[in-house]
Amino acid sequence: MSVDARINELECRLTFQDDIIQSLNDVVVSQQRQIDRLQLQIAALVKRQDEQQSHFGLEDNHTPPPHY
């Protein structure tokens with residue numbers, strides 16, 4: 001294989017790898033945004049549950065009933 005052919009092959013591989021890396025980065029960014037949104041939703045649900053428990057006078061007591 002000539003030097004020019006090897007250089008051409010390496011340049012093609014580099015271009016392909018750059019494209020793959022950019023695609024993977026886009027996926028990671030998208031997933032991180034989704035994780036951030038889900039964390040905010042979970043925090044809102046926890047806050048809502050705490051408010052509901054305090055509104056109805058429920059305690060966060062997980063002791064089993066006496067008959068256990």
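Me: Before we start, what do I need to know about the numbering and the model?
Reply: Residues are numbered from 1 along each chain as its sequence is written, and side-chain values use heavy atoms, with hydrogens and water left out. Since this is a predicted model, local features need pLDDT of at least 70 and side-chain atom pairs count only at pLDDT 80 or more, while totals for chains, interfaces and linings use all residues.

Me: How many helices and strands does the protein chain have?
Reply: One helix and zero strands. Helices (H or I, at least four residues) and strands (E, at least two) are DSSP runs, numbered from the N terminus.

Me: What makes the protein chain more spread out than a compact globule?
Reply: Its radius of gyration is 27 Å, well over the 11 Å that the globule rule gives for 68 residues, so the chain is more spread out than a compact globule. That radius is taken over C-alpha atoms, and the rule is 2.2 Å times the number of residues to the power 0.38. The C-alpha trace spans about 85 × 30 × 10 Å along its principal axes.

Me: Why is the pair Arg13 and Glu9 called a salt bridge?
Reply: The term asks for a side-chain nitrogen of Lys or Arg within 4 Å of a carboxyl oxygen of Asp or Glu. In Arg13 and Glu9 the closest N and O atoms are 3.2 Å apart, so the pair meets the cut-off. Both residues sit in helix 1 (residues 3–55), four residues apart, about one turn of the helix. The structure holds one salt bridge.

Me: Why does Glu9 count as partly exposed?
Reply: Buried means under 20% relative accessible area, exposed means over 50%, and partly exposed is in between (1.4 Å probe, protein chains only). Glu9 has 36%, so it's partly exposed. Asp36, which lies in helix 1, also gets that label, with 36%. Its C-alpha atom is 50 Å from that of Met1, 35 residues away along the chain.

Me: And what makes His67 exposed?
Reply: Its relative accessible area is 67%, so it passes the cut-off of over 50%. His67 lies in the segment after helix 1. From Gln49 it is 18 residues away in sequence and 27 Å in space, C-alpha to C-alpha.

Me: Which residues form the nonpolar patch on the surface?
Reply: Phe16, Ile20 and Leu24, with about 300 Å² of accessible area together. Patches take residues with over 30% relative accessible area and no salt bridge; like charges are joined within 9 Å, nonpolar side chains (Val, Leu, Ile, Met, Phe, Trp, Tyr) within 5 Å. Leu24 has 52%, so it counts as exposed.

Note on methods:
Areas by Shrake-Rupley, 256 points an atom, 1.4 Å probe, with all protein chains shown as cover.
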